[in-house]
Every structure is written in structure tokens, then in C-alpha cells.
Protein chains: 2
Amino acid sequence: MATKTPAEAPASKAAPDAKRRSERSRRAIYEAALALVTEVGYGKVTIEGIAARAGVGKQTIYRWWSSKAEVLLEAFIDLGEQAAEAAGGGEAFASLPDTGDVAADLKGVLRATVDELLDRKYDAPYRALAAEGVVNRELSEKFVQQLLEPGLKLYVARIEAAQAAGQIREDLDPRIAMEFFVSPLAQRWLQGTGPLTHEYTDKIVDYALHGLAPR
Amino acid sequence: MATKTPAEAPASKAAPDAKRRSERSRRAIYEAALALVTEVGYGKVTIEGIAARAGVGKQTIYRWWSSKAEVLLEAFIDLGEQAAEAAGGGEAFASLPDTGDVAADLKGVLRATVDELLDRKYDAPYRALAAEGVVNRELSEKFVQQLLEPGLKLYVARIEAAQAAGQIREDLDPRIAMEFFVSPLAQRWLQGTGPLTHEYTDKIVDYALHGLAPR
């Protein structure tokens with residue numbers, strides 16, 4: 001990330017007290033950004049509004065981030081990391097499970113993704129960022145690079161492992177194969193073209209692996 | 001459609017001159033709505049703004065539609081129908097080709113869809129409607145029902161024909177199978193997760209039909 005975050009630049013040089021204050025400010029800014037996007041929508045969120053709600057000066061925000069898009073993206077990524085830590089999993093973006101059974105592993109991951117997408121805590125900020133990304137190319141690039149890509153790379157890695165294990169054909173582009181698992185879910189969530197259930201994602205995995213044509 | 005459109009209610013009862021005036025107004029309103037959403041974005045489009053630009057009274061708009069969302073959706077659907085007529089195809093939503101070769105037929109349809117999604121004429125209004133749909137449930141339902149569903153049903157019908165012809169497994173839910181052809185494309189277009197090319201959609205069709213696992 002090009003932006004300086006409190007975890008890197010200022011805090012590391014600061015005394016313990018200043019470091020604690022920085023960390024408190026950072027949390028307050030994240031929470032303010034997430035609350036505002038839920039309450040007023042992305043379009044009406046401003047750096048000034050986030051600063052006022054977080055009880056910090058707007059220079060504090062500008063020292064660490066250069067736009068509201070960057071604040072919101074980091075706040076949302078942080079929300080995911082907090083949830084992963086609370087669930088005892090450590091890092092949010094580590095790797096997908098590999099038990100040697102690619103179908104079972106992908107079904108497990110997609111069921112968890114359905115649960116997350118239906119969690120109201122994530123819904124408003126994630127929808128606000130996704131909606132803005134559809135019409136705002138600059139935000140879209142950051143959204144993909146910082147939020148989607150790390151997750152998509154895990155699918156690619158899991159598919160490559162399945163290719164090495166002979167469970168997925170070696171001549172397939174894993175980057176495209178991966179989309180059969182993530183895109184149907186993404187479209188249902190973004191466009192409301194159907195319900196998100198575990199039964200649905202289980203079928204997606206079976207259909208994709210075995211193919212639609214008779215064997 | 002629940003809304004009265006000029007093609008139904010008022011024009012049919014009117015004299016030829018009034019009918020021509022209605023049709024001219026309707027065209028002017030569609031064009032104003034599409035131009036405004038491109039120029040200022042969905043959030044800033046108002047019924048008043050559309051009326052002013054179209055050179056009609058706002059009561060003319062309220063007589064036929066009850067919200068800007070309905071005007072925009074119809075304008076966008078009309079744009080697609082005009083394009084289909086110009087291409088000599090008649091109705092935009094008729095049926096997918098059925099030459100007996102489901103792979104070739106789907107590849108043809110998806111290549112044409114890629115070309116349409118890359119056409120700048122559609123880009124701004126379609127993105128504006130899609131983005132608003134992500135955060136606006138009411139618009140989203142209309143968007144899906146009036147704009148996406150008619151197209152998705154054609155895929156379902158083509159898959160059912162392929163099931164009857166033994167080219168797609170009969171035990172599959174065609175509604176879910178269909179998503180392998182439309183959702184990857186939709187996600188790349190909505191979220192910018194990859195380029196849209198004919199080579200890409202050809203692969204999507206082959207991977208989906210033959211499956212990712214070795215046969």
C-alpha cells in the first residue's frame with residue numbers, strides 16, 4: 001500500500017503514549033467511516049465528517065490517508081481482520097484449507113462466505129464500496145487490488161494445488177476456473193438475482209467440477 | 001409492467017396527431033434520461049431535470065411513470081430494443097440461437113454480449129443503474145425483473161433445450177447452470193476483476209460444459 005498507515009510510519013517512531021493515542025485515533029476513524037457509510041451512503045461521506053465523528057482533527061486523517069476511499073477500504077479490510085482474529089483464525093488472508101479434497105474444501109469456504117455476506121455488519125459498507133466501484137474506476141482499482149485480489153489469489157493457489165494433485169485439469173487457466181466459484185455468488189449478492197444459501201454454493205462446486213455436459 | 005406506458009394507455013385512445021406528439025415526447029424523455037445519467041450520475045438525476053431537458057412538462061412524465069428509476073430503466077430497455085431492431089433482429093428478448101450445438105450457440109451469444117458491454121453507448125447508463133441497484137433494493141428488484149430476468153430466462157430455456165437434446169445433464173438445475181455463463185462476465189464487468197474478451201468467454205463455455213475435474 002502506498003499510503004502511510006499508523007502501523008508503519010508515525011507510530012513506530014513515537015513514544016509508547018503517542019503510539020497508544022495513534023492506535024486509538026485509527027480505531028475511532030475506522031469506526032466513524034463504517035458508521036457514516038452505513039448511515040448516509042458513500043456519496044455523502046466526507047473526510048471532515050469522519051474526523052468530526054471520530055473526534056480527531058482532519059489533519060490526522062490526511063496524515064495517514066489521501067482520500068475517503070482509502071479510509072473506507074482500510075476500515076473495511078480491518079473489520080474483516082478483526083473478525084478473523086475473533087474467530088481464532090489469525091490473518092484474514094492466509095490460505096484456503098487443503099485437506100486433499102478440493103470439493104469439500106471449496107464447499108466449506110463458500111458456505112463461510114455466504115454466512116459473511118449475510119452478516120448485517122458487513123452489508124452496508126461492503127455494498128457502498130462495491131456500488132461506488134461500479135461507476136468510479138479509481139476506487140474500483142483500489143477495491144479490487146486491496147480487497148478482492150487477496151481473496152481471489154487464495155482460490156487460484158488452491159486450484160493450482162488441486163491441479164498438482166490431479167483433481168483439476170492441468171490445462172485450465174486457474175484464474176478463469178476460480179471464477180466459477182466466486183462469480184455466481186458475487187452476482188447474486190451484487191444484483192439480487194437469487195438467494196444465497198449453503199445448498200446453492202454446494203451445487204456450484206459440484207456443477208463446476210463435474211461439468212454441465214454428461215460424462 | 002405495472003406502469004402505464006405511452007404505447008398502451010393514452011396514445012391508443014388519442015387522435016393520430018396526439019399519438020405522434022406522445023411518441024415524440026416519450027423519445028425525448030428517454031434521450032434526456034440517458035444523457036443526464038451519463039453526465040451527472042444517477043444520484044443527481046431528477047424528474048424535473050429530465051422534463052426540462054426533454055422540453056416537456058413534468059406532469060407528462062408523472063402521467064406515464066412514477067419514479068426516475070422507472071424512466072431510466074425503460075429508457076435503457078428501449079435503447080437495447082432500438083439496437084436489436086437496427087441489427088435487423090427484431091425483438092431484443094426473443095430467444096437464443098439453437099443450432100443443435102449448445103457450445104457454439106453460447107459462445108456466439110457471449111461474444112455478442114462482450115461487444116455490447118464494451119459499447120460506450122451502454123456503459124454509463126447501465127453502470128449507473130447497476131451501481132444504484134447494489135445499494136437500493138427497490139430499484140434492484142425492478143432492474144432484475146425488467147432488465148436482467150428476460151435475458152436470464154433465455155439462457156434457462158436454451159439450457160433446457162440442451163438437456164432435452166442430451167447435451168447438458170438432466171439432473172442439473174438450469175437456473176444455477178446458467179450462472180456459469182453469465183456471472184463470470186457480470187463480475188468482470190461490474191468489478192473490473194479481469195478483461196472482457198471473446199477468448200475469455202469461449203473458455204468459460206468450454207470449462208463449464210466439460211468441468212474442471214479430469215474426465
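Chain A and chain B bury about 4,400 Å² between them, with 62% of it on carbon and sulfur atoms. Buried area is the accessible area (1.4 Å probe) that two parts lose on being put together, summed over both. This is a predicted model, in which local features need pLDDT of at least 70 and side-chain atom pairs count only at pLDDT 80 or more, while totals for chains, interfaces and linings use all residues. Residues are numbered from 1 along each chain as its sequence is written, chains are lettered from A and ligands numbered from 1 in the order in which they are written, and side-chain values use heavy atoms, with hydrogens and water left out.

**Between the chains**

- In the interface, 47 residues of chain A are in contact (heavy atoms within 4.5 Å) with 47 residues of chain B.
- Between chain A and chain B there are 30 residue pairs in polar contact, both at pLDDT 80 or more. A polar contact is a pair of N or O atoms within 3.5 Å; within protein, one must be able to donate a hydrogen and the other to accept it, and residues adjacent in sequence count only if both atoms are side-chain atoms.
- Two or more residues each come from helix 7 (120-135), helix 8 (137-164), helix 9 (174-177), helix 10 (179-191) and helix 11 (198-210) of chain A on the side that touches chain B.
- Helix 10 of chain A gives the largest share of that side, 11 residues.
- By type, the side of chain A that touches chain B has 27 nonpolar (Ala, Val, Leu, Ile, Met, Phe, Trp, Tyr, Cys and Pro), nine charged (Asp, Glu, Lys and Arg) and 11 polar residues (the others, Gly among them).

**Salt bridges**

- Side chains of opposite charge can pair when their charged atoms come close.
- The whole structure has 36 salt bridges over all chains (a side-chain nitrogen of Lys or Arg within 4 Å of a carboxyl oxygen of Asp or Glu).
- Two salt bridges lie between chain A and chain B. A:Glu179 and B:Arg188 meet in a salt bridge through their side chains (2.6 Å, N to O).
- Within chain A, the side chains of A:Arg27 and A:Asp78 form a salt bridge (3.0 Å, N to O). This pair links distant parts of the chain, 51 residues apart: A:Arg27 is in helix 2 (residues 16-40) and A:Asp78 in helix 5 (residues 68-86) of chain A.

**Chain A as a whole**

- Chain A has 11 helices and zero strands. Helices (H or I, at least four residues) and strands (E, at least two) are DSSP runs, numbered from the N terminus.
- The C-alpha atoms of chain A fill a box of roughly 65 × 35 × 30 Å, taken along the principal axes.
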